[in-house]
Amino acid sequence: MAQLRPKIVKLCHIVGGLTGVVNKIDENAPEYYSLASIVTDDEADVAIAAGLRKLRTAGWLAKKVGKPVEEVEKLAKHLAWIGVFRCTYDEKLGEDVYFMQIFAPGIMEMLVNNQELLDTHPEVGRAFEEYTRIRMETMSPLIPNGYGLMRVIPVESAIKDIPNVHDYEKLSYYLSKYDRFCVSPCSCRASRSSINDGCGHLAEEMCLQMGKGAEHYIRTGRAREITREEALEIIHRAEENGLMHDIPNIEEAGESAAICNCCACACFGLRVGLMYGARDAIRSNFVAEVDEAKCVACAQCVEVCPANALKLGQKLCTTVHIEPQKYVRLADHIVSKDAWNPNYRENREDVLPSGTAPCKVACPAHIPVQGYLKLAAQGRYEDALDLIRTENPLPAVCGRICNKKCESECTRGGVDEAVAIDEVKRFIADHDLNKETRRIPKMVNQTGKPYPEKIAIIGSGPAGLSCAYYLAQKGYENVTVFDRNPVPGGMLTLGIPNFRLEKDVLNAEIDIIREMGVHFECGVEIGKDKTIQQLRDEGYKGFYLAIGAQKSSPLGIPGEDLKGVYGGVDFLREVNLGGKPEVGKRCAVVGAGNVAMDVCRTAVRLGAEETYILYRRSQAEMPADPEEVGEAMEEGVQFRFLNAPTEILGEDGKVTGIRVEIMELGEPDEKGRRKPVGTGKFETLEVDSVIGAIGQKVDWGTLDVGALRVTKKGTAEADSLTCQTAEPDIFVGGDVYTGPSFAINAIAAGKEAAISLHRWVHPGQTLTMGRDRRVYKALDKEHVQLEVAGFDSSHRQVHGYNKEKAKTFSDARVTFTEEQVRKETARCLGCGATKVDEYMCIGCGICTTRCKFDAIHLKKVRDWHAGSFETMPIKAAAGLVKKTGSIVKRTVSRDHA
C-alpha cells in the first residue's frame with residue numbers, strides 16, 4: 001500500500017466540512033487521490049492554514065506558514081488556478097483574498113471546471129462522481145429537511161402567482177442581487193463525461209456563477225463573462241430543453257454563488273434524493289398539482305420530470321381497485337439498501353401500473369393523440385401540429401397512409417366507432433403545406449448554437465427523414481441524407497402510388513426538413529459511388545442506415561423470367577418515376593397486403609380491364625387495411641381467395657396466364673392464421689401480366705458496413721433501444737432492421753436513432769443512461785365505466801370522396817372540413833390524465849413549462865428555509881457528525897453507479 005501524505009490527509013479532513021473529521025481517508029478516498037495528484041505539500045500547508053470558509057490575504061497566510069509573502073502568493077494563485085481556493089479582489093483591502101470552500105459543492109466543481117486540469121488529471125472527474133456518491137451513502141438519510149448541499153429552486157414562471165413566496169425562492173432575486181455573471185460547463189456533466197458516463201445532456205455553457213464566484217471563474221479562465229440578460233436567456237433556454245434549476249445550499253438563505261441548470265440523469269446534487277431517497281433534503285417548498293379536467297395525458301410534463309413524480313394514468317372510472325404507492329422514509333432504514341434506487345437513471349416509468357389512454361400506447365411513435373385532438377377542438381391548429389411533431393415530423397404523410405393503430409385501440413370503439421384520429425391529423429397537418437405560410441421548427445438545444453459534427457444518413461425514407469428532422473431540430477447543421485434514387489422519400493415516394501400519397505404533400509414535408517438545414521444528395525449510392533470509409537475520411541462521425549426493404553421478394557414459381565412479370569415494389573417504383581409498365585388488359589396480382597392493394601389499383605389506372613388479387617387464404621386473413629381492400633373492390637378489382645399460384649404460363653417469352661391451386665384452410669400457424677392446404681385442384685387464368693407483391697427484402701448492394709451483422713432474413717442486427725450495430729458508428733432503423741413494416745414504425749425508429757447519434761458524436765456520452773425506455777401500458781378497457789351520456793353522442797365523421805378523381809392518379813379522398821373536425825374531436829372520451837406523486841415531486845416546476853392546457857401548476861406546501869448543514873445550528877450539526885461517525889463503521893458498500 002502506498003505511503004499516505006499526512007498533509008493531504010489533513011487537508012481532506014478539513015474540506016470534508018462538518019463530517020470530514022469522521023471520513024475515512026485512504027489512498028482510495030476520492031478526496032485524497034484527487035488532491036494528492038495535483039497539490040504539493042507546500043500548497044497543502046497554505047490550504048490548511050487558510051482553514052475552511054475564511055477570507056485570507058497572502059500576507060496573513062505567509063505569517064501562518066512562516067514563508068515569504070511572494071512565495072505564498074504564488075502558491076495561493078496556483079491553488080486558485082487548480083480550484084482549491086477561490087480568488088477575488090477585496091476593494092477595501094486593495095488586494096486579492098483567498099477562500100477555501102468545502103470539497104463538494106465547492107472545490108470539486110472548480111477542479112472539474114478547469115478543462116486543462118481535467119485533461120491532464122482525469123482522475124479528478126472520477127473523484128467528483130465517487131465523492132458525492134460514497135459520502136452521501138451515510139449522510140443522505142440524516143440531512144434535515146431543506147438542508148441538502150444543493151437545493152431545487154423552481155421555475156419562476158411557475159410561482160409568480162403564488163402568495164407568500166420568499167425572495168430566496170426566486171431566481172430573479174439572485175439575478176438582481178449580483179452585478180457580475182459568467183457561464184461555465186456543468187461540472188457534474190463534465191465529471192460524468194470524463195468517465196464515459198454522460199447522459200447526452202452536454203456540459204457546455206450550462207451553469208451560471210454570480211458575484212465573487214463569477215469573478216473567480218472569469219479570472220482563472222473557467223468561464224465566459226456574460227451580462228445579466230444573457231444569464232436570463234441561458235435560464236430560459238435550459239427550461240426550453242427540459243432542464244431544471246438548482247442552487248448550492250451552503251450559505252445562509254438568499255446567498256448563492258451559482259445557479260445550476262440540471263438534469264436528473266447527471267446531477268450529483270439531485271442524486272441525494274433520487275438514488276438515496278433523501279428528497280426532503282433537496283426539494284423546494286412547492287409541489288405540482290394537476291387539474292385533471294384540463295389534462296389530456298400528452299406526457300410532455302411526464303417526459304421532463306426529473307424526479308419521475310409524474311406518470312400517465314387514466315381519467316375514466318374503473319371497477320378495479322388501484323393501490324396507491326406507499327413509501328418508507330430512508331431515515332427509518334439507515335443501513336438498508338432497500339429504500340435506495342441505484343438504477344434511477346435507467347428505470348424511470350412513464351405510466352402507472354393501471355395504464356393510460358390506449359391511443360398513445362398503441363401508436364408506435366406514442367404521439368399524444370388525446371392532446372392534439374383537444375387542441376384541434378379548441379381551434380389551436382398550430383399548437384396541435386407542434387404537439388404532433390414532437391413525435392412525428394411527417395404528419396401530412398401519415399394522415400394519408402398510416403395504419404392507424406391508435407384507432408384500432410380507441411376506447412370509443414367499444415361504444416360505437418373509434419374516433420377518426422387520422423383524418424383529424426390530416427386536417428391539422430394540411431395547414432402547413434403551403435410554402436408561403438408554413439412554419440419551420442426552430443432549433444432547440446442547450447447552447448443555442450449549431451453543432452458542427454457531421455452525420456450521414458443513408459436512405460431517405462421515413463426512418464431517414466425522421467432522423468434528419470430531429471437531428472436538425474437539435475441543432476446539427478451538417479446532416480447529409482444520401483439516397484441512390486433520383487428523388488428523396490424512399491418508399492414514400494417510390495413505393496406508394498400518388499392516389500394514396502400525392503407527391504406534393506410528401507415533398508412539402510421534405511422541404512421543411514431541407515429548410516431546417518438538412519442536405520440531400522440523391523443519385524448517390526453509398527458503397528458504389530462513395531464508401532462509408534470515404535465519408536469517415538471526410539469527417540463524418542456517425543452513420544444511420546435507413547435503406548429500407550426495397551427489393552421485391554420472388555414468387556418462387558416457374559415462369560418468373562417471362563416478360564410481363566414484375567415485382568410489386570419494382571412495378572410501383574417505375575410508375576412513380578413516370579414510367580408506364582405494360583400490364584395489358586388482364587393483370588394478376590399475387591399477395592394480399594397493402595402493397596398488393598396499391599399494385600392492383602395502379603394496374604387499373606394503367607388500363608387493365610380485369611385485375612385479379614390472388615391470395616391463398618380467405619378474406620378474413622388478409623393483412624391489408626380493410627379500407628384499402630374496400631376501395632380496390634369498388635374500383636372493380638376481382639379477389640380470388642384460396643388461390644395459390646403454382647406456375648406462370650407464357651408463349652414467345654411473354655406472359656399468357658397463371659396456374660393456381662385451389663386451397664382450403666387447415667390448422668392455425670404460429671401467427672394464429674389458418675394454414676392453407678392444397679386440394680389438388682387447379683385452374684388457369686388468362687392474363688397479360690403478373691405482379692408479385694408477397695413481400696420485400698433488404699438490398700445491401702455493396703455497402704461497406706464493416707462488423708455489422710445480418711440476420712438470416714437479411715435484416716441488420718442491432719440493439720433494440722439504441723439502434724447501434726456491431727460497427728459502433730453505424731446505427732440502423734426502419735425496414736432494414738425490422739423487415740417490411742409501416743411508415744410510423746420507421747418514423748419512431750428515426751427519432752430514437754437521432755437520440756443515439758447525438759450521444760455518439762460527443763465523447764463521454766453513454767447511449768443508455770438517462771434515456772426514456774418509453775414503455776407504455778394501456779388502461780384495462782374491460783373494467784372502465786363508460787358514462788357515455790356525458791360525452792358527445794354523434795356518429796363518426798366520414799371523409800368526402802371526389803368522384804371526378806376516381807381511378808385517376810390523384811387522391812380522391814377529401815380532407816375533413818373544420819366543422820367535421822369540431823364534431824369528431826368532441827367524440828374523444830378523454831381517457832388519460834397525468835397523476836402527481838407528491839412525495840416523489842421535488843418542486844422544480846419544469847412540468848409547467850410544457851403544458852399547453854394550463855393543467856399543471858405548483859402550489860406551496862411547506863416553508864423550509866434554505867441553508868445547508870454547514871450553516872445549521874451547532875447542536876443539530878454536532879448530532880449529525882455523531883450519527884455519521886457511527887454509521888461510517890457499518891456503512892453499505894461503495895459499488896453504486
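The following conversation asks how several descriptions of this predicted model are reached.

User: Why is Asp652 called exposed, and where does Asp652 lie?

Analyst: Exposed is the word for a relative accessible area over 50%, and Asp652 has 82% relative accessibility, so Asp652 counts as exposed. Asp652 sits in the loop between strand 21 and strand 22, and its phi is near 55°, a positive value in a residue other than glycine.

User: What makes Arg53 partly exposed rather than buried or exposed?

Analyst: Buried requires a relative accessible area under 20% and exposed one over 50%, with partly exposed in between; Arg53 has 21%, and is therefore partly exposed. Arg53 belongs to the loop between helix 3 and strand 1 (56–57), and Arg53 has a positive phi of about 60° although it is not a glycine.

User: How do you know that Asp570 is partly exposed, and which residues does Asp570 touch?

Analyst: The relative accessible area of Asp570 is 35%, and because partly exposed covers the values between the 20% limit for buried and the 50% limit for exposed, Asp570 is given that class. Leaving aside residues up to four places away in sequence, Asp570 touches Gln550 and Ser552.

User: What makes helix 21 largely enclosed by the rest of the structure?

Analyst: Helix 21 (residues 421–430) has 10 residues, of which 9 are buried, so helix 21 is largely enclosed by the rest of the structure. Among the buried residues are Ile421, Val424, Phe427 and Ile428, and Asp422, Glu423, Lys425 and Arg426 are also on that list.

User: Why are helix 8 and helix 10 called roughly perpendicular?

Analyst: Angles from 65 to 115 degrees count as roughly perpendicular, and the axes of helix 8 (residues 123–139) and helix 10 (residues 187–194) cross at roughly 115° where they come within 8 Å, so the two helices are roughly perpendicular to each other. The crossing is left-handed. On the side of helix 8 the contact is made by Gly125, Arg126, Phe128 and Glu129, and on the side of helix 10 by Ser187, Cys188, Ser191, Arg192 and Ser194. Sorted by class, this contact has 2 nonpolar, 4 polar and 3 charged residues.

User: How do you know that helix 3 and helix 4 are also described as roughly perpendicular?

Analyst: Helix 3 (residues 41–50) and helix 4 (residues 58–65) pack at an angle of about 110°, with 9 Å between their axes; the class runs from 65 to 115 degrees, and the pair is therefore roughly perpendicular. Asp45, Val46, Ala49 and Ala50 of helix 3 meet Trp60, Leu61, Lys64 and Val65 of helix 4. The residues of this contact divide into 6 nonpolar, no polar and 2 charged.

User: Why do strand 21 and strand 23 stand at the edges of their sheet?

Analyst: The sheet is open, with 3 strands in the order 21-22-23 and antiparallel pairing. Strand 21 (643–651) and strand 23 (674–686) each have a single partner strand, so one side of each is left without a neighbour in the sheet. From one strand to the next the twist averages 20°.

User: How do you know that strand 21 and strand 22 pair?

Analyst: Two strands pair if at least two bridges are found between them, and strand 21 is joined to strand 22 (residues 654–668) by 8 bridges, with the two running antiparallel.

User: Which peptide bond is cis, with omega near -5°?

Analyst: The bond from Ala104 to Pro105 is cis, and Pro105 is placed in helix 6 (residues 103–112).

Terms used
Residues are numbered from 1 along each chain as its sequence is written. This is a predicted model: local features need pLDDT of at least 70, side-chain atom pairs count only at pLDDT 80 or more; totals for chains, interfaces and linings use all residues. Side-chain values use heavy atoms; hydrogens and water are left out. Helices (H or I, at least four residues) and strands (E, at least two) are DSSP runs, numbered from the N terminus. Axes are lines fitted to C-alpha atoms, for helices over the stretch in contact, and angles run from 0 to 180 degrees between N-to-C directions. Buried means under 20% relative accessible area, exposed over 50%, partly exposed in between (1.4 Å probe, protein chains only). Contact means heavy atoms within 4.5 Å. Angles under 35 degrees count as roughly parallel, over 145 as roughly antiparallel, 65 to 115 as roughly perpendicular and the rest as oblique. A crossing is left-handed if the near helix is turned anticlockwise from the far one by less than a right angle, and right-handed if clockwise. Ala, Val, Leu, Ile, Met, Phe, Trp, Tyr, Cys and Pro count as nonpolar, Asp, Glu, Lys and Arg as charged, and the others, Gly among them, as polar.
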